[in-house]
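Reader: I would like to go through the voids, the fold and a few loop residues of this model. Please give the cut-offs as we go.

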Amino acid sequence: MKIFITGISTDVGKTISAAIVVEALEADYWKPIQAGDLDNSDSHKVKSQVSNSKSQFHLNAYKLNTPASPHLAAEIDGIKIDLKQIAEPETKNHLVIEGAGGIFVPLNDKDLIIDLIRPDYKIIVVSRHYLGSINHTLLTIEAIRNRGFEVAGIIFSGSENKSTENLILNKTGIKCIGRIDEEPYFDQNVIREYADLFRDNLLDL
């Protein structure tokens, strides 16, 4: 499988979700575009939280110095992101691809994160409850569907809100892969526990 993980906004739990999915499937991991925090990037974080020996961590296509929208971070670095230069890594393993921010985050003056998605990708949306998150989640799913793709599953992250979660699932008919609670910390043991909980639902995608 090739699984593309996106979120309804920034800082909603995409990287933790990616680590769990990577661990559950012993999959490879790839973040095409990293903007900012290059010494402690999302690739570093996922690698530090995964304990299996099978997963491989592929190099970013673009490493940008500024923690900002990729189009702006690239402009500050004096470059322009070119989709033709973003080559999916070759692997015979499952591949988890982590986006940057939400699906309409701009890469340049015409391309968006959603333009990285290919027809064979299974898309997982990470949703976190906050005021406005229902709207953001439904808009994200509708935008993905309007591009001709389907969402394979949802991961809920953060404090549980049953009313919000049930409404989103009922409105969309999308499968819940699992939920990630507000943990005091995440390490390899915690990631492994969630991986065990999520594995069957992931294998059914």
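Author: First, the terms. On a 1 Å grid over the protein atoms alone, a cavity is a set of points where a 1.4 Å probe fits but cannot get out; a pocket is an open set with protein on both sides within 12 Å along at least five of seven lines; lining residues have an atom within 4 Å of a point. Grid points are joined across faces, edges and corners, and a volume is the space filled by probe spheres set on the points. The model is predicted: local features need pLDDT of at least 70, side-chain atom pairs count only at pLDDT 80 or more, and totals for chains, interfaces and linings use all residues. Residues are numbered from 1 along each chain as its sequence is written, and side-chain values use heavy atoms, with hydrogens and water left out.

Reader: How many cavities of 30 Å³ or more does the structure hold?
Author: The largest cavity has about 40 Å³ of space. The second largest cavity has about 30 Å³. The count of cavities of 30 Å³ or more is 2.

Reader: Which element gives the largest share of the lining of the largest cavity?
Author: Helices (H or I, at least four residues) and strands (E, at least two) are DSSP runs, numbered from the N terminus. The lining of the largest cavity includes Ser127, Phe156 and Thr164. Strand 7, strand 8 (151-157) and helix 5 (162-172) each give two or more residues. The largest share, 3 residues, comes from helix 5.

Reader: How many nonpolar residues are in the lining of the second largest cavity?
Author: Ala, Val, Leu, Ile, Met, Phe, Trp, Tyr, Cys and Pro count as nonpolar, Asp, Glu, Lys and Arg as charged, and the others, Gly among them, as polar. Pro32, Ile33, Glu98, Gly99, Ala100, Ile113 and Leu116 form this lining. It has 1 polar and 1 charged residue; the nonpolar number is 5.

Reader: Which residues are closest to the centre of the largest pocket?
Author: The largest pocket has a volume of about 730 Å³. Its lining counts 33 residues, and the closest to the centre are Thr10, Asp11, Lys14, Thr15 and Asp42.

Reader: Which element gives the most to the lining of the second largest pocket?
Author: This pocket has a volume of about 180 Å³. Among its lining residues are Ser43, His44, Lys47, Phe57 and His58. Two elements give two or more residues: helix 2 and strand 4 (57-58). The most, 3 residues, comes from helix 2.

Reader: Is Asn52 buried or exposed?
Author: Asn52 sits in the loop between helix 2 and strand 4. Beyond four places in sequence, its contacts (heavy atoms within 4.5 Å) are Val22, Glu23 and Glu26. Buried means under 20% relative accessible area, exposed over 50%, partly exposed in between (1.4 Å probe, protein chains only). At 13%, Asn52 is buried.

Reader: What is the relative accessible area of Asp111?
Author: Asp111 lies in the loop between strand 6 (95-98) and strand 7 (121-128). Leaving out residues up to four places away in sequence, Asp111 touches Leu83 and Pro106. Asp111 is buried, with a value of 9%.
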